[in-house]
Amino acid sequence: MGNRFYRGYAPDGSEARGGGGAPSGGKHAAPEAPKKKASGKKIGLVVGIVAAALVVAYIGMGVFFTSHFGFNTSINGQDVSFKTLDQVESILKNQVDTYELTIQKIDGTSEVLKGSDIGLTYQSDNRAAELLSNQHAFAWATRVASAADPVELHPDVTYNQQELTTALNKLNLMQAANQVAPTDATVGYDAAASQYVVVPEQWGSTINTDVFYAAVTAAVEDTRPTIDLKAANCYVAPAVYSDDAGLASKAAACNEYARGSIVYDLGSKGTLELSGSAVADWLVQGDDGTYTIDDDSIRSWVKENLSANLDTVGSSRSFTTATGSSITVSGGTYGWKVDVDDEVSQIKEDLESAGQVTREPVWSSKAVSHTQPEWGSTYVEVSIPAQHVWYIVNGSVAFDSDVVTGLPTAKRATCTGVYSILEKQSPSVLRGPQKPDGTYEWESPVNYWMRITWSGTGLHDANWRSSFGGTIYQSNGSHGCVNMPPAKAQELYSMLSVGTPVIMY
């Protein structure tokens, strides 16, 4: 037989063709197509089942995360992924129960405040619940591969305020012995650099108590683990910092004055130097920003370093009388005395000139020597008990005479102490207090007047007296002067010179 085509129909009704003779055994290739279609249906069924399972699983996980915290969730440093609200509440409570606040101090050390010492107690609130409800439970898959999501959750707490105050007051940092006051930035002399520089401020460790209490209370209420006291402004701060605009100007001004110095020649007491490098604290800033030396600061230095060590006027001094007795004499106007006002002006001038000066202090009163006896070996001696006067020249008695001194009353007694001859007049008229009408209570013409005080005491002749010495002064004394026989007064007047020391006792 020849070849012929075979026409048939596939199960879906489409025509199937074949050729090449009659089919063997009644079978042919076309029936294979229905088998492939059945296999596809099975795969689709499996995919559908798996997809349904995944949807159910996803939804299940979403439901799970409505009551559990999601992937990569950290609260207060602890991983709480997959934990329930009750479990998280338990964790928060445990964190409060074991709470410690590390207090970092300015010196780099720290102290610890324990929650158990202040009655710190956890108070459950809805913060963890809000965090759970806001985590988008059905979007849980987005958190699987994401980084950890750390959360700081500060639950409500209660504590005992009195116990907190007591615990804080017991800290080492609160003890007065451990607190160092801050120091301001200033200008100081750098010896190594030989110049003035700005010295930075120092913070110290003095606690600002009110700020400290408030800062620690806030940290405890937030259950923060640490507090940096300096960052929290708990220390008393310096008032002046090294970037203060005036300090650099002051340093420059000090360096100008530092070029000068004054060396005081104190005779037998040696020398004393005032260096220009000592004036930093003496400078004051004017309205124009420039610096000048403050007069009051110089005056204080003069009084403390010159007057206190050199002034002898009015001080107690030992004295050996013409009769050999050793006595102590105090008071009077004779001796060494620095003229403070004039010395202040001279220092200012010397330092502003920035020169090297050697000189004596400016004296308002000078003696013969800086060592005892400062009046030297030539002086007048008046003894009130002996009613006698001596003139000692180079250690020997060159003249002596009986005298009458002042009546020993409050207004007429002769003054005691070490004085000097202030002036000589020949003749002169001595006068008492002036009355309202311009006249005087008394007047006494004398020929030889040797003034000892500007208030009216002196040595002079008294021709109205017929006798001298003894106890006359006790009932008929002078108005304070030293009365002498006329001839003796003339003799002493011719011997004395202005400035001669007079010792009266």
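**Overall form**

User: What radius of gyration does the chain have?
Analyst: The radius of gyration here is taken over C-alpha atoms, and the rule for a globule is 2.2 Å times the number of residues to the power 0.38. A compact globule of 505 residues would come near 23 Å by that rule, but the chain has 55 Å.

User: What kind of model is this, and how are its residues numbered?
Analyst: This is a predicted model, in which local features need pLDDT of at least 70, side-chain atom pairs count only at pLDDT 80 or more, and totals for chains, interfaces and linings use all residues. Side-chain values use heavy atoms, with hydrogens and water left out, and residues are numbered from 1 along each chain as its sequence is written.

User: What percentage of the residues in the chain is buried?
Analyst: Buried means under 20% relative accessible area, exposed means over 50%, and partly exposed lies in between (1.4 Å probe, protein chains only). Of the 505 residues in the chain, the buried share is 36%.

**Threonine 405**

User: Is threonine 405 buried or exposed?
Analyst: Threonine 405 sits in the loop between strand E24 (396–402) and strand E25 (417–420). Its relative accessible area is 0%, so threonine 405 is buried.

User: Which side chain makes a polar contact with the side chain of threonine 405?
Analyst: Contact means heavy atoms within 4.5 Å. Leaving aside neighbours within four places in sequence, threonine 405 is in contact with several residues, including Val382, Ile384, Tyr473 and Cys481. A polar contact is a pair of N or O atoms within 3.5 Å; within protein, one must be able to donate a hydrogen and the other to accept it, and residues adjacent in sequence count only if both atoms are side-chain atoms. At 2.7 Å, the partner of threonine 405 is the side chain of glutamine 387.

**Loops and backbone**

User: How far apart in space are valine 180 and serine 205?
Analyst: Valine 180 is in the loop between helix H4 (161–170) and strand E10 (186–190). Not counting residues up to four places away in sequence, valine 180 touches Trp203, Gly204, Ser205 and Thr206. Valine 180 and serine 205 are 25 residues apart in sequence, and their C-alpha to C-alpha distance is 4.9 Å.

User: Which residue is joined to proline 373 by a cis peptide bond?
Analyst: Most peptide bonds are trans. Proline 373 lies in the loop between strand E21 (363–365) and strand E22 (379–383). With omega at about -10°, the cis bond joins proline 373 to glutamine 372.

User: What is omega for the cis peptide bond of serine 426 and proline 427?
Analyst: Proline 427 is in the loop between strand E26 (423–425) and strand E27 (428–431). The cis bond joining serine 426 and proline 427 has an omega of about 0°.

User: What is phi of threonine 223?
Analyst: Most residues other than glycine have a negative phi. Threonine 223 is in the loop between helix H5 (209–221) and strand E12 (226–228), and counts as buried because its relative accessibility is 15%. Phi of threonine 223 is positive, near 50°.

Definitions and conventions: Helices (H or I, at least four residues) and strands (E, at least two) are DSSP runs, numbered from the N terminus.
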